[in-house]
Structures are given as C-alpha cells and as structure tokens.
Amino acid sequence: MPVTPNPYTIVASGLYEMDFQGLSMNDPQQALEKIDELIRAARATDDLFSRAAAFSAVSILIQRLDDYFEENASYAGENVERLRFHSAAMLGYDITNGHRIEDHHVWALSAISALNHVLQKLKA
C-alpha cells in the first residue's frame with residue numbers, strides 16, 4: 001500500500017508547519033472565489049473562531065495561488081502579496097498601518113480582481 005507523505009512537520013516552537021510542496025492548484029479561479037466568499041463572511045462576524053478559521057483557509061489558498069502564479073505568471077506576485085497582507089490585516093492577523101478594516105477589505109478585493117484579470121490573460 002503506498003504511503004501518502006505527511007505535509008505537516010513540527011517546528012522548533014512545537015507547532016505544526018505545513019509544507020505546501022507537492023500540493024497543486026487545480027482551479028485558481030475557484031480558489032479566488034472562495035477567498036472572496038471567506039473574507040466577506042468573516043467581515044460580517046465578530047466571532048474569533050470564525051475569523052481564525054477564515055484566516056487559516058484563506059492563508060492556505062493564497063499560498064497555493066502564490067505557487068501557481070509563480071509558475072505561470074510571476075508578474076502577479078505583487079497582487080498575491082497585496083491579497084495576503086490585506087486579508088490578514090482585515091481579519092486581525094496582521095497590522096493595519098492605521099487603516100480601517102473596510103479599507104483593507106476593499107484592497108483585498110482589488111487584489112482578487114487583479115488576479116482574476118491575470119487568469120483571464122492566461123486563458124486567452
């Protein structure tokens with residue numbers, strides 16, 4: 001029976017760290033749609049657990065998108081970073097630099113839109 005490699009490793013802090021190598025992105029468009037849904041839903045709640053769950057899922061999807069775009073359209077990296085930072089800031093997992101949560105939400109949506117545009121170019 002083949003053994004599936006464990007993508008998790010324990011780091012020095014005792015926490016688990018996920019190795020995204022080997023995890024492929026089947027549909028980057030779907031990932032962007034899910035990120036959009038998750039940040040909209042998380043924005044509508046003050047529940048810490050819901051926001052943490054959204055942040056976790058969004059972070060994984062963004063990492064997979066980053067790998068996809070690095071391989072297929074490296075020029076999209078800046079928009080991936082914008083999405084990473086602004087989604088984390090709006091969910092309370094990064095600094096806000098003095099900006100409102102709503103501002104970070106709009107900027108995250110702008111990054112999603114820019115990445116959707118890149119995907120359309122790649123399909124053409």
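Helices (H or I, at least four residues) and strands (E, at least two) are taken as DSSP runs, numbered from the N terminus. The model is predicted, so local features need pLDDT of at least 70 and side-chain atom pairs pLDDT 80 or more, while totals for chains, interfaces and linings use all residues. Residues are numbered from 1 along each chain as its sequence is written, and side-chain values use heavy atoms, without hydrogens and water.

Helix α4 spans residues 101-123. Its 23 residues reach 33 Å from first to last C-alpha, close to the expected 33 Å (1.5 Å times one less than the number of residues). Buried positions (under 20% relative accessible area; exposed, over 50%; partly exposed, in between; 1.4 Å probe, protein chains only) in α4 include H104, H105, A108 and L109. A111, I112, L115, V118 and L119 are also buried. The cover over the buried residues of α4 includes α1 (28-43), α2 (48-72) and α3 (77-90).

The loop between α3 and α4 contains N97. Phi of N97 is near 55°, a positive value in a non-glycine residue. Most residues other than glycine have a negative phi.

Six salt bridges are counted (a side-chain nitrogen of Lys or Arg within 4 Å of a carboxyl oxygen of Asp or Glu). R40 pairs with D36, with the closest N and O atoms 2.4 Å apart. The two are four residues apart in helix α1, so about one helical turn separates them. R40 is partly exposed, at 45% relative accessibility. In helix α3, E81 and R84 lie three residues apart, about one turn. Their side chains form a salt bridge at 2.8 Å, N to O. E81 is partly exposed at 41%, and R84 is partly exposed at 26%. A network of salt bridges links D66, E81 and R84.

Conventions: Contact means heavy atoms within 4.5 Å.
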